[in-house]
Amino acid sequence: MSDIISYYNTFDEWGRLEREPVEFQVNWHYIKKYLPSTGHILDNGAGPGKYSMALAADGYSVTLTDLTPKLVKIAEDKAQELHLAGQFEGFHVADARDLTMLEDEQFDSALMLGPMYHLQEENDRIKAVRELYRITKQDGLVFVAFMPRIRHILTSLLFPDNWRPNDNLDSITKFSQTGCFDHANKGRFTGAYYFEIADINPFMEAHGFETLELIGSNAGAILSKENWNYWHEKGEEEVQKLIELIKEKASDPSILGISSHLLYIGRKRLG
């Protein structure tokens with residue numbers, strides 16, 4: 001966990017979502033599609049609170065947790081800056097595997113858009129999902145982010161020098177079998193776990209959730225900077241049409257493997 005804290009102490013996660021707005025827009029579209037119009041929402045592993053601020057601005061009551069103290073402080077400051085502090089029930093430094101400061105069935109819905117790909121051990125992933133189940137009300141909605149293994153295999157093949165040690169086929173084959181990746185370049189993305197797409201729904205269902213949808217948060221990740229420049233040069237109206245197309249196709253199962261992130265949407269089943 002110390003490696004994760006160190007990484008996010010220096011990485012601009014708020015800026016990442018600003019630089020990759022399609023991921024946020026697609027996720028937000030599907031979150032709003034399913035969320036009831038009111039309620040108390042947990043943003044678990046929230047980072048600096050990009051989604052929390054959007055939820056608060058829409059009138060939801062929000063509680064924010066994250067492992068990294070610096071990011072929790074940034075989120076608190078953002079809430080003040082945006083005049084949204086009154087919508088927040090609390091800001092907590094917390095590990096997604098242990099949310100003991102939160103009560104059973106405290107939340108109408110919950111987001112967990114980061115922790116699952118930082119937990120390389122299966123037992124840790126199970127702990128995090130069980131905590132999510134515990135704090136969510138019966139029939140409450142959950143939104144959980146995953147990273148697909150096949151996408152990282154393809155990215156490693158395309159840009160091997162950028163994803164060492166996946167710069168040779170032996171390492172890529174090993175990754176394909178384990179899903180665990182530890183970047184060889186110091187200061188790059190922390191140790192991560194990438195799911196087989198076919199395993200995501202069964203994993204969540206085994207721990208008490210009914211699957212509603214699994215979507216590709218950012219199939220636009222396949223587009224290069226030059227590709228995006230082409231569409232931007234055609235004007236913002238054309239870019240918005242492109243983003244709407246990506247939103248529409250996000251729920252197409254055939255697109256899941258090329259999206260950099262996936263969003264699982266489920267409902268807590270009756271115990």
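This section describes the sheet, the nonpolar cores and the salt bridges of a predicted model.

The model contains an open sheet of seven strands with mixed pairing, in the order β3-β2-β1-β4-β5-β9-β8. Strands β3 (88–93) and β8 (209–216) form the edges, each pairing on one side only. From one strand to the next, the twist averages 15°. Within the sheet, β1 (residues 40–44) and β2 (residues 61–66) run parallel and are joined by five bridges. N44 has T65 of β2 as its bridge partner.

Two helices that pack on the sheet are considered here. Helix α5 (residues 69–81) touches β2 and β3, and its direction makes about 160° with that of β3. Helix α9 (residues 197–206) is in contact with β5 (136–146), β8 and β9 (262–268), and its direction makes about 155° with that of β8.

The largest nonpolar core comprises 45 residues, of which I31, L55, F88, L111, F143 and L263 touch the most other members. At least two residues of this core are supplied by each of α3 (21–34), α4 (50–57), β2, α5, β5, α8 (169–178), α11 (236–249) and β9. Helix α3 provides the largest share, six residues. The contacts of L263, not counting residues up to four places away in sequence, are with N27, Y30, I31, L113, F143, V144, A145, E213, L214, I215 and S217. Another core, of 28 residues, lies apart from the largest one and includes L99, L132, Y193 and F209. In soluble globular proteins, nonpolar side chains tend to be buried together.

The structure holds 13 salt bridges. In one of these, D77 pairs with K73, the closest N and O atoms being 2.9 Å apart. Both residues lie in helix α5, four residues apart, about one turn of the helix. D77 is partly exposed, with a relative accessible area of 39%, and K73 is likewise partly exposed, at 45%.

A salt bridge also links R134 to E131, with the closest N and O atoms 2.7 Å apart. These residues are three apart in helix α6 (residues 122–135), about one turn of the helix. R134 is partly exposed, with a relative accessible area of 21%, whereas E131 counts as buried at 11% relative accessibility.

E248 forms a salt bridge with K249, for which the closest N and O atoms are 3.9 Å apart. E248 counts as exposed at 53% relative accessibility, while K249 is partly exposed, with a relative accessible area of 35%. Finally, D95, R97 and D124 are linked in a network of salt bridges.

Definitions and conventions: Residues numbered from 1 in each chain as written. Predicted model: local features only at pLDDT ≥ 70, side-chain atom pairs only at ≥ 80, totals over all residues. Heavy atoms only, no water. Pairing = 2+ DSSP bridges. Axes fitted to C-alpha atoms, helices over the stretch in contact; angles between N-to-C directions. Contact = heavy atoms within 4.5 Å. Core = buried A, V, L, I, M, F, W, Y, C linked by side-chain atoms within 4.5 Å. Buried < 20%, exposed > 50% of the residue type's maximum accessible area, 1.4 Å probe, protein only. Salt bridge = Lys/Arg side-chain N within 4 Å of Asp/Glu carboxyl O.
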